[in-house]
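Subject: Structure handover

Hello,

Here is the structure for you to look at. My notes follow below it.

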Amino acid sequence: MRVLVTAASRHGSTAEIAAIIAGVLQASNIETEVQPPEAVTSVVEYDAVILGSAVYAGQWLEPARDFVDRHADDLATRPVFLFSSGPLGYPSRRPVEPADAIAVETTTGALDLQVFAGRLVGRDLSLPERLVALKTHAPYGDFRPCDDILDWAREIARYLNEESLPGEDARRADGDR
């Protein structure tokens, strides 16, 4: 079993979530590769894909959307799991699925879409980003729910370890000969 974990991240917070997910999968004996979406040239060699994106102004980042456009046909033929990171102020605010993430879920036939609260660190922001944060009263801090992220990754690992994916039986049979 080979899994790609890829996430579009502007300041590294969403990439850190992808690394946590990959670590859980690897600890569950699942071969896992982590790459940014713009570096992925093909998903054909993967049995499953986990795709995430930071959310800014209610939208996924362009590299994640471009990834789906480039690989839509292949993504539709394997298990896909999606996550968004970016709503701030959680748990006082309920995370909302971005509309483009819902469109990606439909395009890929994703098995699950999770929305995790994000992180906003002032020193990481450009001047225009700080002005937007000020104007929108965005709270600074790390609101990522680590336990929820770990639990979700464990659920994916259980699913992938239990399910017989298309072509897996044939590869096992070839290896047994």
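Are Phe83 and Phe116 buried or exposed? Phe83 is buried, and Phe116 is buried too. Buried means under 20% relative accessible area, exposed means over 50%, and partly exposed lies in between (1.4 Å probe, protein chains only).

First, the ground rules. This is a predicted model, where local features need pLDDT of at least 70 and side-chain atom pairs count only at pLDDT 80 or more, while totals for chains, interfaces and linings use all residues. Residues are numbered from 1 along each chain as its sequence is written, and side-chain values use heavy atoms, with hydrogens and water left out.

**Overall layout**

The protein chain has 6 helices and 8 strands. Both are DSSP runs numbered from the N terminus: helices are H or I with at least four residues, strands are E with at least two. Starting at the N terminus, the order is β-α-β-β-β-α-β-α-β-β-α-β-α-α.

The protein chain has 177 residues, and 44% of them count as buried. Take the contacts (heavy atoms within 4.5 Å). Among those with a separation of 6 or more, 79% join residues 24 or more positions apart. The chain exposes about 9,300 Å², and carbon and sulfur atoms supply 50% of that. Accessible areas come from the Shrake-Rupley method with a 1.4 Å probe; for residues, only the protein chains shown count as cover.

**Aromatic pairs**

A pair of aromatic rings is described by the distance of the centres and the angle of the planes. Rings of Phe, Tyr and Trp (its six-membered ring) pair if their centres lie within 6.5 Å; planes under 30 degrees apart count as stacked, over 60 as edge-to-face and the rest as tilted.

The structure holds 4 aromatic pairs. In one of them, the ring centres of Phe83 and Phe116 are 6.3 Å apart with planes at 50°, so this pair is tilted. Phe83 sits in strand β5 (residues 80–85) and Phe116 in strand β6 (residues 112–116), so the pair ties together parts 33 residues apart in sequence.

Phe83 also pairs with Trp152: the centres are 6.1 Å apart and the planes at 70°, so that pair is edge-to-face. Trp152 belongs to helix α5 (residues 146–162) and Phe83 to strand β5, so this pair ties together parts 69 residues apart in sequence. Phe83 has 0% relative accessibility and so counts as buried. Trp152 is buried as well, at 3%. Phe83, Phe116 and Trp152 make up one aromatic cluster.

**Salt bridges**

Side chains of opposite charge can pair when their charged atoms come close. A salt bridge here is a side-chain nitrogen of Lys or Arg within 4 Å of a carboxyl oxygen of Asp or Glu. The structure holds 4 salt bridges.

- Glu33 and Arg2 meet at 2.7 Å, N to O. Glu33 is in strand β2 (residues 31–35) and Arg2 in strand β1 (residues 2–8), so the pair ties together parts 31 residues apart in sequence. Glu33 is partly exposed at 25% relative accessibility. Arg2 is partly exposed at 24%. Arg2, Glu31 and Glu33 are linked in a salt-bridge network.
- Glu16 and Arg144 meet at 2.7 Å, N to O. Glu16 is in helix α1 (residues 13–27) and Arg144 in the loop between β8 (141–142) and α5, 128 residues apart. Glu16 is partly exposed, at 36%, whereas Arg144 is buried, at 15%.
- Arg154 and Asp151 meet at 3.1 Å, N to O. They are 3 residues apart in helix α5, so about one helical turn separates them. Arg154 is partly exposed at 38%. Asp151 is partly exposed, also with 38%.

**A bent helix and a surface patch**

Where does helix α2 bend? Helix α2 (residues 62–75) bends at Asp69, by about 50°. The bend at a residue is the angle between axes fitted to the seven residues ending there and the seven starting there. The buried residues of α2 are Ala64, Phe67, Val68, His71, Ala72 and Leu75.

Leu127, Leu131 and Leu134 make a nonpolar surface patch of about 330 Å². Patches are made of residues with over 30% relative accessible area and no salt bridge: like charges are joined within 9 Å, nonpolar side chains (Val, Leu, Ile, Met, Phe, Trp, Tyr) within 5 Å. Leu134 lies in helix α4 (residues 127–136). Leu134 is exposed, with a relative accessible area of 62%.

Best wishes
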